[in-house]
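Dear colleague,

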Amino acid sequence: MTFPEFDPILVQVGPLAIRWYALAYIAGILLGWRYAVMLARRDHLWAPGRSPASPAQIDDLILWITLGIIVGGRLGYVLFYGSLMNPPIWSNPLNILKVWEGGMAFHGGAIGVILAVYFYARSQKIDILRLGDLVAPAVPFGLFFGRLANFINGELWGRPTDGPFGMIFCSDKIRDRFNGFCPAGEFPRHPSQLYEASLEGIGLFALLWLAVWKFKLLAKPGYVTGLFLLGYGLIRASLETVREPDSFMPEALQGSITMGMLLSIPMILIGAWLIWRAWKNPPYAGT
């Protein structure tokens, strides 16, 4: 298969360009926001019969989360990946601000969202674990659209493969962007962006949907948050085996161990601990 002739820019008027990547962020945030509001209105899902936050509070929280995604995602990329470039990305401080040139890290964005939830919960005197359980089921929307945008951009491709799903990430559009050159080479690779969209987006959403709606686990603070952290960490670590590491990464992080795997380990451990903690404690009884 050959990569389709996608243009990363949907519409351009003079210097103003509307990119699919920006639309993916907007779609993920908006759909996640509305889903969280829906959960906040379903008091029967929560113990002791009331949601930890009102829809109006979720409306305010989404601004904090959006800031956490953008700032955390960019700073995470600079710290986790940009520091390993030669020269480091911060050798020119202005490069840190050039978000439009790419370079966002999910693990950094996750830290930004966690901090946003923490500080908002403190400001509103809301149980942080219960607020986290309200946010976590909505995150897969952003993951799904973000990975689709990675695919449209022809970036974050997979390792070489001779399997039936192999795709050659070399189209006329990509050649135009790179002066006749195809960075991924002219041989089949795993379309790992689509694997991630399917598992991190659809698969993780389905898992959390079952936890919320079928097994009523919102009654146990921290369980759904832990399930998200554990699920994402395991999925990301497993898919790193078919995802091509960045070319600037040191050799030690380009084989069976990658930066994505290392960053997922804390998520797996914290997620497992939150599930264990929630499981052994009785349902939330309020104050």
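Phe 151 counts as buried at 9% relative accessibility, where buried means under 20% relative accessible area, exposed over 50% and partly exposed in between (1.4 Å probe, protein chains only). Phe 3 is likewise buried, at 2%.

The model is predicted, so local features need pLDDT of at least 70 and side-chain atom pairs count only at pLDDT 80 or more, while totals for chains, interfaces and linings use all residues. Residues are numbered from 1 along each chain as its sequence is written, and side-chain values use heavy atoms, with hydrogens and water left out.

Rings of Phe, Tyr and Trp (its six-membered ring) pair if their centres lie within 6.5 Å; planes under 30 degrees apart count as stacked, over 60 as edge-to-face and the rest as tilted. This rule gives 16 aromatic pairs. Phe 3 and Phe 151 form an edge-to-face pair, because their ring centres are 5.3 Å apart and their planes lie at 70 degrees. Phe 3 is in the segment before β1 (9-13) and Phe 151 in helix α5 (residues 139-153), so this pair ties together parts 148 residues apart in sequence. Helices (H or I, at least four residues) and strands (E, at least two) are DSSP runs, numbered from the N terminus. Ring pairs also link Phe 3, Phe 6, Phe 151 and Phe 169 into a cluster.

Two lysines were found over rings: Lys 214 over the face of Phe 215, at 5.9 Å from the ring centre, and Lys 280 over that of Trp 276, at 5.1 Å. The criterion is NZ of Lys or CZ of Arg within 6 Å of the ring centre and within 35 degrees of the ring normal.

Yours sincerely
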